[in-house]
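Visitor: I would like to learn how to read the features of a model such as this one. Could you take me through them, giving the general idea before each case?

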Amino acid sequence: MLTKDKNICGGELIIKGTRLTYKSVIEILKNMTIFEAMRQYPSLKLEGIIDCLIKLKE
């Protein structure tokens with residue numbers, strides 16, 4: 001689930017429960033597979049990645 005909190009990452013869109021911004025996840029996925037990203041960033045779950053990809057498609 002994507003959310004905004006003015007106290008986390010300056011109010012940027014983030015994956016709920018993490019400090020990973022939507023923009024950073026999209027950049028990460030430009031350089032590695034979903035599974036590599038999940039290994040590299042343990043707080044990044046498949047649901048969060050899917051939410052980011054859906055947002056990108058909008």
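Visitor: In which helix is L46 found?

Guide: Helices here are DSSP runs of H or I with at least four residues, and strands are runs of E with at least two, numbered from the N terminus; L46 is found in helix α3, residues 46-57. This is a predicted model, in which local features need pLDDT of at least 70 and side-chain atom pairs count only at pLDDT 80 or more, while totals for chains, interfaces and linings use all residues. Residues are numbered from 1 along each chain as its sequence is written, and side-chain values use heavy atoms, with hydrogens and water left out.

Visitor: Is L46 buried or exposed, or in between?

Guide: Buried means under 20% relative accessible area, exposed over 50%, and partly exposed in between, with a 1.4 Å probe and protein chains only; L46 counts as partly exposed because its relative accessibility is 38%.

Visitor: Which residues make a nonpolar surface patch with L46?

Guide: Patches are made of residues with over 30% relative accessible area and no salt bridge, like charges being joined within 9 Å and nonpolar side chains (Val, Leu, Ile, Met, Phe, Trp, Tyr) within 5 Å. Here L46, I50 and I54 make a nonpolar patch of about 250 Å², the areas coming from the Shrake-Rupley method with a 1.4 Å probe and, for residues, only the protein chains shown as cover.

Visitor: Which pairs form salt bridges, and how far apart are their closest N and O atoms?

Guide: Side chains of opposite charge can pair when their charged atoms come close. A salt bridge is a side-chain nitrogen of Lys or Arg within 4 Å of a carboxyl oxygen of Asp or Glu, and a search of the whole structure finds two. In one, E27 pairs with K30 at 2.9 Å between the closest N and O atoms, both residues lying in helix α1, three residues apart, about one turn of the helix. In the other, E58 pairs with K55 at 3.9 Å between the closest N and O atoms; E58 is exposed because its relative accessible area is 69%, whereas K55, at 35%, counts as partly exposed.

Visitor: What is the phi of C9, and where is its place?

Guide: Most residues other than glycine have a negative phi. C9, although not a glycine, has a positive phi of about 55°, and its place is in the loop between β1 (2-4) and β2.
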